[in-house]
Every structure is written in structure tokens, then in C-alpha cells.
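Here is a quick tour for anyone meeting this structure for the first time. Take a look at it, then read on.

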Protein chains: 2
Amino acid sequence: MIDDSGTMTWPSRAPKPLSAAALDSIDAWWRAANYLAVGQIYLLGNALLTEPLTRDHVKPRLLGHWGTTPGLNFLYAHLNRAIQERSQSTIYITGPGHGGPGMVANAYLDGTYTEVYADIEQNAHGVQKLFRQFSFPGGIPSHASPELPGSIHEGGELGYALSHAYGAAFDNPNLLVAAVVGDGEAETGPLATSWHSNKFIDPLQDGVVLPILHLNGYKIANPTVLARIPEDELQDLMRGYGHTPYIVSGGFDGEDPMLVHARMAETLDAVLNQIAEIKAAAAEADKNHEDFARPRWPMIILRTPKGWTCPAVIDGVQVENTWRAHQVPLANARDTPSHTKILEQWMLSYRPRDLFDSHGAPVQKIRDLAPAGALRMSANPIANGGLLRRDLHLPDFRDFAVDVPEPGATVDEATRVLGGYLAEVIRLNPDNFRIFGPDETASNRLAPPVYEVTAKQWNAQMKPGDTNLARAGRVMEMLSEHQCQGWLEGYLLTGRHGLFNCYEAFIHIVDSMFNQHAKWLKVTADIPWRAPIASLNYLLSSHVWRQDHNGFSHQDPGFIDHVVNKSADVVRVYLPFDANTLLSTYDHCLRSVNYVNVVVAGKQPAPNLLTMEQAVAHCTRGLGIFDWAGTEVPGLAPDVVLAAAGDVPTLEVLAAAEILRQNLPDLKVRVVNVVDLMRLQSEDDHPHGLSDSAFDAVFTPDKPIIFAYHGYPWLIHRLTYKRHGHENLHARGYKEIGTTTTPFDMVMLNDLDRYHLVMDVIDRTPGLAARAGLLRQQMQDARLAARQYTRDHGEDLPAVTEWSWSSQTDAAPTAAETGSDNV
Amino acid sequence: MIDDSGTMTWPSRAPKPLSAAALDSIDAWWRAANYLAVGQIYLLGNALLTEPLTRDHVKPRLLGHWGTTPGLNFLYAHLNRAIQERSQSTIYITGPGHGGPGMVANAYLDGTYTEVYADIEQNAHGVQKLFRQFSFPGGIPSHASPELPGSIHEGGELGYALSHAYGAAFDNPNLLVAAVVGDGEAETGPLATSWHSNKFIDPLQDGVVLPILHLNGYKIANPTVLARIPEDELQDLMRGYGHTPYIVSGGFDGEDPMLVHARMAETLDAVLNQIAEIKAAAAEADKNHEDFARPRWPMIILRTPKGWTCPAVIDGVQVENTWRAHQVPLANARDTPSHTKILEQWMLSYRPRDLFDSHGAPVQKIRDLAPAGALRMSANPIANGGLLRRDLHLPDFRDFAVDVPEPGATVDEATRVLGGYLAEVIRLNPDNFRIFGPDETASNRLAPPVYEVTAKQWNAQMKPGDTNLARAGRVMEMLSEHQCQGWLEGYLLTGRHGLFNCYEAFIHIVDSMFNQHAKWLKVTADIPWRAPIASLNYLLSSHVWRQDHNGFSHQDPGFIDHVVNKSADVVRVYLPFDANTLLSTYDHCLRSVNYVNVVVAGKQPAPNLLTMEQAVAHCTRGLGIFDWAGTEVPGLAPDVVLAAAGDVPTLEVLAAAEILRQNLPDLKVRVVNVVDLMRLQSEDDHPHGLSDSAFDAVFTPDKPIIFAYHGYPWLIHRLTYKRHGHENLHARGYKEIGTTTTPFDMVMLNDLDRYHLVMDVIDRTPGLAARAGLLRQQMQDARLAARQYTRDHGEDLPAVTEWSWSSQTDAAPTAAETGSDNV
């Protein structure tokens, strides 16, 4: 295959056995990496064993994981050889991220580590520092964490190795992603479905993922399932997943590793040649405008002993090739002299004198195994994707604005309008932006506009009648939130852009994946050599208030609560309430870096409230006063503040304000809307937080605040508990009451409806209860009437669905909201 | 196989084709169920089409899902026939719970629905009500929700059908669980790994799960992956999962359903006979004390058109056998006259005159297909597990108490002590209680005691050297939190007891599953015929403060925040801080019903603080004053309150109190500990909430409260924002700062350490700053010294790890905490 620059990529190589010298170099690398990994776990001093090992050389706390490490090192060494021969751009994803010491060792051996951390030199002094810092206070973490060059996958929480790998491969046609799947991790749900990613990879425009299932047989305290099924069953499973499996097994019962090296090298060549053939065939078919069937991409099953090369038996108990090798064999290496001795013998078994020269640097044959420059897996810029990130070409979102002659005069589905904008984003960024969703992109109404410019990428069978499916496309849909999240993370971490659209309730499926990504972002912000990556953008629709078809199980607005627990430097939450505010918000999100942006938006037809000019001003401030909706008197404090965040609450607040205007015209009502939820927090707690004086200027320090919120109401208290007016704040929201019923019945069930908001105003505004008793009773009656109508007719009263500002008030709204001067 | 009562179970049946009459009955049932399902989705009136269908007969809002329904009905009809012939106790789990209208129809046809809801009679009047109530305000939800007799699985959030099915099968040796897996749901991670449950099922003591993969080919808007891979690949996948696949395909291109019925009946007989053979072979081997290999349990692949029997083409667009049949075909059936007509024709195509008699009751041949009594899948008491729930035989947890001559005088690993108690629970309840965990039961230190009485159930290969594995055992370990949660839910929903032990951070993996279970519990509490089930008990250990080996990715205490968003009637959160409080707490949890109990506990050696008598009193109250730790003067208000929740915070608070006692002996410090976190909430918000006066009596209404909390500190504010003293409350906790470092460094990083707590007391107690400046400086110095020592030595200063109350104070603590009189 010839790439754009005319270079031959994905070369095939005539299979021939490796020379003894080549195998010897691979083995030397492997032993050196193993030595350095053991040293990191155990040693404080005497790093190169230049003197007999004593108690004081051993760390007081031994914290790390050995079990998976030798396998990861073995593969790294072999991949080095192949990369060098083929000049094959490759990154390495280690599902068992617990093998951190091994990955640090490999990055050190190929020189990347020293380039990134200059004080970890390639000499005895550097080795000493390398050992000490590992899993040590003030040093580096024990996993393949962000501090590790070449890593885009910590693997602390298991299950996402393949999803990340495929995410990295999309739109990187010349990239090989070698993805090691641990057999423990293989039992997780997300990993189990991620094998099917191969139905979504395009042999032309995407790179190649080479899954390597590393069967070392044991987890923390158990054998693994996949290591304990017959080999034919395992091969059936891999074939059933759509792969052609290749098996390498060895190292058991003391087998000479050189034999295993030979088998591995041979298999790796065969696999890479098969990949080259697939790539070439696809290119040829494409040239001839022919279809080609989904390839059965190769994968490798590597079966080696857990903890391979560690002491086989310690104190009469088998350690190597059991779960006992998982973490730290010889846990008392410091205080049990016989164990100190065993540790020394273990480390000497790697023959360090042959691996490090008199200065402590890796010997030439090891250094020569490292590919050149960016071909080193630890130095590949794709694994520091921010370096490659290009800003999106963004259209002017104002061009997609909906017309709003006055608030509520027009109606749109906000996400469908956004879909028009996103279609243009796709058109302008054909290789740099993707939309991910679990079969919900159409349901969330980004379609049809998006499908007018692209398709859903689909490499499984197609049939007549299929719509919007193509071998290559910008929309990735699989019914797995885990896959959507993992793919997108991998895509972003390698320097691209995207968004994940999802039903609001089911985004909780990836709560823990969000956690890990947010943690990764927090840590990378403090690592100077990690360049910023594009933000992870959520678009949550089909939200709690409009689950008409599905009811209670589909109603959960709690992802926001989950997100705000994470570092304020990383998370942003937006609740645009109409088409123009959604456009303005999303434009902002797509320009940002290193954040997680959570945007919750409605997909149902809803009144447009702000012109684009107003929307931009409002979203820029993040919150503001809708003076056109309130009944304030200039220069006087309001009597009560009606605040809202979210599309449904905003409409209910506007309707409540209208009722108050009609019935209590002298009541000074301020209407506030919050789009950027983090504005509520103190500026001490979040970069978007308002100062106390700005907060007071909007919400008042002492007036009743009735706050209608999209989600669980207590979140508003949690965000505002430090504010002056907090004791006057009364929040309404989703109280975990729901079913399949009408939209207005849903808000009534949770006391978020306009009538109840008016009752709240009456109950909480000093002096109002006495003079508004009749109105309060009318509100009660209106609720009962609405309820009864719904039960009788199965639909809402027209009065609560056909909201239109202009039809309800004589006074035209003033031109724009105010509030900009206040905050 | 002969069961306990001497009855033959799992009978085999000589295969012979069904008679035409038998097939006709099955088809009649199927048509009736389809008719009733369509009627529920569309009709308000004219239920039996006794007059021409008009606009007014059609519901104004059409809310439900048709696509999966005919397949579910088809299987239900066929299972009825087989159950009747074999008297086989069977429950039916429908992964695509969206087929709610079908499942309601089946429960109605077999009479269960009318038994449970007496006003839905089996006559024209009842059919009318049945139709109207579906997905209608004031009626029933659209899914296989708790309101549906026979359901233990709503299927609203997809992915858990097989996990629930296996959970139901454990310890139900005579139960068949027919579990329909939708091909959409099959793409989810949890479902993809749940196939491997068959390595954990014991052919002797457990029941049988019959997975039925229903390939109808389409999701909401896409084809499904498994329907678009070649059939040999799909069969490889099922064989790789360890099953023997049987394929039934039909109904395409107008194929006569009678032909499909015949194939289905034949296959079902073959499958059930194979199951019978497996069961018999296992029983025989067991009788002969022989081992037997894990069976390749059969499974069925059923390939039928999505929306089968609905109008094939509407307005020129293909609907049947496409994703367009997913939800509601004919969305405008009310307002488009031609569509009203199509709907009428569709319903008439089922020939309702042949299905319902002149009173509107199902005709005899349909009624005769229903098995008798509890053999009806909708009436099987196993699917209303509370009916079968037996209280656990619980040992006296006091017998497992650790000796506490004085606070801190002894040290234990709390979870290991709990393990001793749980071992006895297991011994006393050999068929009614299981422990679930993702390979962490040993790491969480319930072992070794638990493995002295039982093993981990494991039906994959065993090898020499394997420990604590057996064909049958009470501990279920697979490296999938989803599986642990799903299995446990299925086990509880069918009337048994259990707990899920997990690393604290990774319980977020099942956030969404917890959501669904909590919602299920909330709804069932209002359904009189649903009997209470045992609580879902979490034991979260390896918590945020002690992730010495793993660091930041393993640090997340936010599950508590997630849980408290759900209905207060359902959720309970406990933070026992030592062995005796953990024992007392867990005894309480194992006795409770219809809750989710979240218990967070330490596994590391930690000082025991309370005698068992004190622990019981403390846990019964849920919180209390440690007067032995404070420096209060009887009759006088304290100057400051030091409160703690969680094991590590409690020790830091005690150490801080000790520093204050030594250095500011006249300062009146109250030490409070909270075990039951929900005590902090208002009694209006949670049943466990303290009254305001009781809260004030413990925390004071006006003194500074320094609250050291296990998790994210803002949760304390969220729970207490309505309290009088809230503005004086200052919470410390995990601020999302962590890495692999020492335990004390971790608390210092988050300002939760004793030194910082003392500084907080000095800063926030009126008048103290002026006279305690020196102590404050000493605290600063102590932090710096501790930090430096850790960086130099890689371990904590002995002074902060070897905490012992008695060694630090002259005054022996008083006999017991007080506080009982206060609250």
C-alpha cells in the first residue's frame, strides 16, 4: 500500500527464521526490562547489584505488580524488532496496566524516558533514581499512568484496552495498535463486547488493531475463565468474534525462553504479513471500485506463565505460574534474610552484567533493538495526541440560528438544529471528528441533518434497504455505551475531536469510565510534556422529563451529580434550554481542551426563547436575568427570584412568572436562568464560580429563591451552600418519581410544575400568603384539573403544552435580557 | 433425576412431531397475545373490534414497543406447551423488556393477570381496561416492570438478562430459566460477558438457564451486529461461549407461521431433552462419585423478522423486518384515516373472532395451553421471590466480637473478623446465601475464614494447585462487577440472600445497575402482591485511603453520593470504623428487607475502639458522642465538635482530640462519630434522619463542627444543609487528590490528617487563634516533618501509624460512650 507521501506502508516481509543474534538481542531486551521492573518494585539502593544485596537496599513498602510484567516486556521486545524491520508506526496499549514497572523499563531502555525526564539518565545514577521513584512517595504511580511516555491507557480499571485501541486506530490508516488484553480483564463486560469493534473498522481509512490476548492464567486470587476452557473452545470464541487466532504458548515447566522467542517472532511475522495482505487487498479493491468483505483480522493468543522468570517456588510454595505471582512475590524481601537472598538470585538470573555496561547504560545490542525516533512505541506522538491535535474547522454557529422574533414565537427541536451545525462540522473536518452513540443518534434527533453529509460506519454485512450505513462514516453506533465512551476516549487521546450522544439516564453506564478519564485529564494537566487534548463532549438528550415511551427506568438525571465530584479543573456542565443556546454552548465545547463537557439538552419540540445574539450573551455569562419575563421595577429589589436550569424547568418558570404577572401584577418577580451550572459554585471551588457579590447581584442575598432545576434538587443546595442567600433558596427538581405518563404529569409528580412553583412563591415570599390565598387555591385546583384531564384523555391539557409567550402577555418583551452588568 | 420428594424432574420426552391440533393451539395463543399487545399499544376503546375502528378508538399518544413483542409471544406460547408436558418449573426472563405489552398479554391469557388485578377480568370489559391502562396516565408502565406478574427483569436498561437468569438459577436445582436475549442488548458489555456464566453453574445444585438469542435483526435505528455476521461465525461465537447452539429461523418473506411453529416445537423438545440428559448424567456421576466435565449447555438462536406480523409495508415503506418496527408502527393511526384502517386490518389479521368468545374471554384451546397454577410462568412464585424468602439463620454476631480492653488496645482487620462471622452464616445457610465478588473476596480479607467452610464455585477446568475452587461453593467470583451485581440481583429477586464485596472505587462500574435495582425496589414497595425481598448488601473495602498498591485510579469514594440520590425509602449507608461496629452493622443488614445497604469498611489492621456492647449501642443509635475521647465538662456546652465518619477519619479525629487534650487541656472538645450516614439528614428527608433537636443535642446548634469524612466532603453539606449549625460546619474529606503513596501522606494530601484537623479547630473556634498560635505552628511543622520523612524513607513516621489510645493518655477512657440520652 502506498501512502500519501508515496511511501510503501504496511509492507509484507518474506517469512524466514530470525538469526540467533536477532533472537539474542530480543532476549537481552526482555531480560533487561524484567531486571529493571523487579528493581523498581524492590530496590532503594544497589540498583545494579554491584555489592551483595542487604536489607537496607530493599524498599520498606513493596508496592507494585509483577505478574503481568514479563509478558508485557516480552511483547514489547518482539514488537521493537518488527517495527524496526517494517518502519511500522505502532503504539502499545497494555490492558493490564498493573504492569507499570515493565512499561517504565521499556520506555527507559528505548531512551524515551530519559528524553522526557532528564534526571533519569541512562547510567547507574539514573537506574538508581528509576528504581527509587517507582510507587514511592513523591515518585511515580505504579500503573501505566499518564506520567508514562507512550501510554494512553492506564489500565487501572480493567476492561477498556480494545475500545481505546480502536479509538486510536480510527482515521489513522497507517497506525498499528498492539493491544494486550489481560485474561483477567477479558472477563469484564466492556472488554467482552469490545472484540466486536472489528465490525466497525475500515481497512482503508482506519489503522489496524492487533489484539494480543495474554493468557497468563491467573487473576488476583483465581484462575481466569479463558485460560480454563479448552483451546478449541477459545479459538471458536475468537473466530466467533471475527478474528483469525494465532497461538504462541511457552515458558512452562522451565522451557528455554529462546524457543519461545523463536515461535513468537515467527508468529508476529505471519500476523503482520496477514495484515499487510488485508491492507493491500482492500487498497486494490478500492482502486478497482470493488466491494470487499470484512476481513478476519488476525489476533494472537499468548500463553505464558504468570510471573514468568520469578522464583518458581518460595518456601515450598509454587509462585511462578500461579496467582501468587500477581502482585509482589517475596513480600518480606526486606526483613526475611533468606528472601533477600532469593531476590538477589532472581535479579542476577537476568545476568545484568551482560545487559548494562560499566556506566550502567544498556549495552549496544539492546539499544540497537529500539526503533528510531518516533517509531519507538514510547515516543510515538500519537500516544501524546495533543501534539498532533489540530483545531477543528468550525462553521459560524450563528449561521444555524433559529429565528426568534419574540420569546416562544417559534418552536424547534434543539438537538435537530444542533444536528445541522454538526453536519457542517463533519463536512469541514472529514478525518478529525466523529460522533459516537449507542444506537441513539437518530433518536436524539441529530439526524437527519447529520446523515445528509455522512453515514454510520459499518463493516459487517449490509442488506438491501439499509439506510445511512457505509464502510466509512463519521457516526459510530454500537449498542454499548462502554464502547462509545472507550472509542471516543481513544480517539481524543490520539489527538482528534468528537462527541458522545446518549440517553441521559444510561450515561451512568459509563460513570466509572468517566471517572478514569477525568482522573487522566487532571494528572496530565500537571505533566509539561503532555500536550492538551480535545475535551470529551457529552450530549445527553432523551432526558428525564421526556421519557414518554419508557418511564421510570429511563429517568435519571444524576450523571451531573456524579461529574461534579471530579476535579473542578476538568468538569463543565451546561443546560442550554433552546436551539440557539445549545448551538452557542456546543460551539464553545468543541473549541475547548482538557475538559469533560456535559451538555444536557432537549430533543422535543420546544419554544425558542432567545435570539442568537441574546443566546451568545447569555451563554457567555453562563447565567442571567430574563428581565422580559419578570416583573421587576428598575431600582428596586425584587420580592422573589424564580430561577431555572434546564429546558423543562425554564418553561415552567416562565409560565409561573406569567401567572404571577397576571394575578399579582405588583409582585416584583425576577426570573433567572442558569446555563453554566458551575456558575453557582463559589469561585473558590470552581473556575467558573461567581464571586459572592456577583451571585448576590443576580440572586439577591436575602430574597426567596425558588429554583426549578432539571435534576435532583439537592445538587443546587450542594453547589450554593456557601452563598449568602442559601437559607432562602428552595430547590425543585426530579425527586425520583416517575413512570410512563404525559410530560406535564411528570413535572406535576415532582412538584416542578408552574402551578406548584407559584404556590412556592406564595408560601415563601413574606406577606404573600395572606393576600394570595385565592390564587394558591386556584393553583391547587389547576393541578387537580390537569391531572384529571390527563387521566381521562391520556394527554396533557392544551393549555400546558401550547406555551407561547406572546399570546399570554400584552407587554412585548424588552429587546434583551439584562444581567450582563451585574456579573 | 429424582428430586427430594421422590418426583421425577427434568424428564426427557421421546421426540415426535406435534399434532396439528397442538400446533394450532400454540398459534392461537400467539395470535391472541399479539392481538392483545397491539390493542394495548393503540386502543382506547372498541377493544374487540366489535364495530369499525375509528379515530376515537385510538389513543392520542401511542407509547410502547412493538418490534420485539411477537418474538416474545411466540416463545411464551411454545414454552407453555413444553412446561405442561414436562411439569417443568420455569420462569421467563425477557431481555428486551420493551416487549411489555406482549408480556402483559401472556400473563392475561394464562389467568395470572386477573388473579393479581381483579378488575382486569377475562371478558370484554377486562380487555377494554387492559388496553386502556397500558402506558397511560394512571395505568401501568410500558416495560416488563415490577407491576407485571412473572417478571423479575424489567429490561429497561439493557444487558443484564443472562446475569439475572443465572442468579435465579443458583440453588434452584429444578428450575428452568428461559432467558431471551435481544440482539440489541447482546451488543452491551455486561451481556457479552454474561454468556460465560455457564462456567459457574453447577449441574447438580443449580437450575438450568436456557439462553434464547432472539435475532430480529434491528435495534432502534440500525441492524444488529450479531444478525450481520455469517451464521458459521455466530455459531463459533456461541460454541466459544461454551454452548451448543440450536437454530430456528423463519417467518421471513411471508412464510407460513405454522411451519415455524413446527420447527420451534421440535427444537425446543430437542433442547429440553439435551438438558434432561445433562442433568441425568450429572446425577449419575455424582451418585458414583465421579467427576464430570462442564456440559456444553444448549442455547437457541431464534431468527424471526422484527415486528413479525405487523403490516409489511406502510405507505410504500418496508416496516416489518426493519428497525422501523421497533417502537410504534403507524404512529399516526389516530389522525390518518388510512392508517386507522391499516391498524384495523392488522388487528383483524389475528382473527380475533377465533380467539375470544362471545364474552370476550380467551377460547378454551388457548386457556388449555396455560400450564396449571404455579407452573404458569407468570404465576411461578420464584418470580415473586419474597414469597419464598426464608429468614437467614444468623449466628450471634457477638460471638465473633474482638476483645477491646480499652480503645485502641487491640488491632484487627475488620473485614477479616467479619469473614469469620460470614463463614458461620454460610455454614448455617447452605442453600440460601452467597457471597459475590470480582476476584476480590480474598483481597478484601473475608478469606481465609470463609474458605474454611466453603469454596469458590467453579465449573471450568481445574488444575493441580488450585485452591478453594469447587464444583459447588458459596462464593461466586468472576472479574466482572456487572456479573456480580446481576447474579446477586437475580438471586435476591428469587427469594435468597447475599452480599457483594468490591473495591470501593470500582463499584461505580455498576452505578447504573444499582439505579435500576433501587427503582425496582421503590416500585415494588407499593405493589401489595409483591412480597419483600432480602436487601442488596454491599461491602466496599480496599477503600480510597488505602490504595497503597494502585493509587489514583483506584481512589473514588463517590458511590455513596450516587446512592443517596435514590429514594430514601430504599437506601442505607453505613461507615463502621472497626471490627465490632462492622459485625453489628452487617448483622443488621442481613436481617433487613427491600433496602440497598452500602457498607464501607477497612481491611487493613486498625485499632479496635469499642467493645461489642458499646458497638451495638453505637450502631443502634447510628451516631454518638465518644465522651472518652473528648474533653467536655459535664453540664457545659463544648467549645468545638470534632466529628468523624469512616475508619481513617475516625482515627485522625481521635488523634487530633488527643493532641488538643495534651496541648489545650481546657478546651472543651466533643468527639462525635457517625456510623449511619443517613442520621445526618433531616427526618423529613430520610426515615433514619435525626430530628433537629436530636441533631442539635449531638452537634450543637452553634459551635464549630470540624467533620472528618471518609468521602467527598461536600456530601456532608448536602446532607446537613437544613440543620441549624450548618454554617458552622466545616467538612474535610477526599478532595480527589491521590497517588501511590503512604497512608498518612494520603490523608495529608487531602487535609484530613490530625495535624490539619487541629489547625481547623484553632482557626474556627472563636478566641482560639490568639492563644494557640504556637500549637498551630507546631502542627504545620509536624506536617512538613511527616511529609519529609515519608519522602526520605518511603514509609510513614511510626508516630502516625502506631496509634494507641492508652499509650497517649493518662486518663483511662470511661466505660462507654455517652450520647444515648441525647438522641
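## A pair of strands

Let's start with two neighbours in chain A: strand β13 (residues 497-503) and β14(A) run parallel and are joined by 5 bridges. If you want a spot to look at, find N501(A), which sits opposite L539(A) in β14(A). Keep in mind that this is a predicted model.

Strand β14 covers residues 536-541 of chain A, and 6 of its 6 residues are buried.

Next up are helix α2 (residues 69-86) and helix α9 (residues 257-287), both of chain A, which pack with their axes 10 Å apart at an angle of about 50°. That angle is why α2(A) and α9(A) are oblique to each other. The crossing of α2(A) past α9(A) is right-handed.

Which residues of the two helices meet? On the α2(A) side they include F74(A), L75(A), H78(A) and L79(A), and on the α9(A) side they include V260(A), H261(A), M264(A) and A265(A). The residues of this contact between α2(A) and α9(A) split into 9 nonpolar, 3 polar and 4 charged.

## A stop in a loop

Finally, look for A401(A), in the loop between α12 (364-367) and β8 (411-413) of chain A. With a relative accessible area of 30%, A401(A) is partly exposed.

Leaving aside residues up to four places away in sequence, A401(A) touches N580(A), L583(A) and M612(A). H549(A) is 148 residues from A401(A) along the chain, and their C-alpha atoms are separated by 30 Å.

Terms used
Residues numbered from 1 in each chain as written. Chains lettered and ligands numbered in written order. Predicted model: local features only at pLDDT ≥ 70, side-chain atom pairs only at ≥ 80, totals over all residues. Heavy atoms only, no water. Axes fitted to C-alpha atoms, helices over the stretch in contact; angles between N-to-C directions. Helix = DSSP H or I, 4+ residues; strand = E, 2+ residues; numbered from the N terminus. Parallel < 35°, antiparallel > 145°, perpendicular 65-115°, else oblique. Left-handed = near helix turned anticlockwise from the far one by under 90°. Contact = heavy atoms within 4.5 Å. Nonpolar A, V, L, I, M, F, W, Y, C, P; charged D, E, K, R; others polar. Buried < 20%, exposed > 50% of the residue type's maximum accessible area, 1.4 Å probe, protein only. Pairing = 2+ DSSP bridges.
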